[in-house]
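Keep the structure open as you read.

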Amino acid sequence: IQTIDLSGFRDRRISRSGLRELLDGIELLPCIRSLNLSNNGITDEFDKEVLELFSIPKIKAINLSFN
């Protein structure tokens with residue numbers, strides 16, 4: 001898997017625990033290169049998780065637009 005697209009869940013919102021599980025699972029994906037989390041209602045409350053996403057060197061593109 002090179003791309004994970006979890007966009008468009010604004011009505012259901014992604015929880016912090018869900019984002020944490022995603023972070024833990026990314027470690028098991030050696031070929032992951034991009035992540036799309038657009039339009040999910042991610043707010044400033046997710047700051048620690050978002051910063052952790054940006055610190056993963058194998059991910060080259062992260063889309064957080066329309067949050």
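The points below go from the overall fold to single residues.

This is a predicted model. The protein has two helices and three strands. Along the sequence they follow the pattern β-α-β-α-β.

**Overall fold**

- The radius of gyration is 11 Å, close to the 11 Å that the globule rule gives for 67 residues, so the protein is as compact as a globular protein of that length.
- Along its principal axes, the C-alpha trace spans about 30 × 20 × 15 Å.
- Of the 67 residues, 31% count as buried.
- Take the contacts with a separation of 6 or more: residues 24 or more positions apart account for 83% of them.

**The sheet**

- Three strands make an open sheet, in the order β1-β2-β3, and the pairing is parallel.
- Strands β1 and β3 (61–63) stand at the edges, each with a single partner strand, so one side of each has no neighbour in the sheet.
- Strands β2 and β3 run parallel and are joined by three bridges.
- Look for Asn 36: its bridge partner in β3 is Asn 63.

**The buried side of helix α1**

- Helix α1 covers residues 16–26.
- Which residues of α1 are buried? They are Leu 19, Leu 22, Leu 23 and Ile 26.
- These residues cover an arc of only 100 degrees around the axis, which puts them on the same side of α1.
- What do the buried residues of α1 pack against? Their partners are β1 (3–5), β2 (34–36) and α2 (47–54).

**Salt bridge between Glu 49 and Arg 16**

- How many salt bridges does a search of the whole structure find? The search finds three.
- One of them joins Glu 49 to Arg 16, with the closest N and O atoms 3.2 Å apart.
- Glu 49 lies in helix α2 and Arg 16 in helix α1, so this pair ties together parts that are 33 residues apart in sequence.
- Is Glu 49 buried or exposed? Glu 49 is buried, because its relative accessible area is 6% and buried means under 20%.
- Arg 16 has a relative accessible area of 37%, so Arg 16 is partly exposed.
- Leaving out residues up to four places away in sequence, Glu 49 touches Arg 16, Leu 19, Arg 20 and Leu 23.
- Two residues in that list, Leu 19 and Leu 23, are also among the buried residues of α1.

- Side chains of opposite charge can pair when their charged atoms come close.
- Arg 20 meets Asp 24 in a salt bridge, at 3.7 Å from N to O.
- Both residues lie in helix α1, four residues apart, about one turn of the helix.
- Arg 20 also meets Glu 52 in a salt bridge, at 2.7 Å from N to O.
- Arg 20 lies in helix α1 and Glu 52 in helix α2, so this pair ties together parts that are 32 residues apart in sequence.
- Salt bridges that share partners join Arg 20, Asp 24 and Glu 52 into one network.
- How accessible are the members of the network? Arg 20 is partly exposed, with a relative accessible area of 29%.
- Asp 24 is partly exposed at 41%.
- Glu 52 is partly exposed at 30%.

- Lys 48 is in helix α2.
- Is Lys 48 buried or exposed? Lys 48 counts as exposed, because its relative accessibility is 59% and exposed means over 50%.
- Lys 48 and Asn 63 are 15 residues apart in sequence. In space they are 16 Å apart, C-alpha to C-alpha.
- Asn 63 is the residue in β3 that has Asn 36 as its bridge partner.

Note on methods: Residues numbered from 1 in each chain as written. Predicted model: local features only at pLDDT ≥ 70, side-chain atom pairs only at ≥ 80, totals over all residues. Heavy atoms only, no water. Buried < 20%, exposed > 50% of the residue type's maximum accessible area, 1.4 Å probe, protein only. Arc of directions from axis to C-beta. Contact = heavy atoms within 4.5 Å. Salt bridge = Lys/Arg side-chain N within 4 Å of Asp/Glu carboxyl O. Pairing = 2+ DSSP bridges. Rg over C-alpha atoms; globule rule 2.2 N^0.38 Å.
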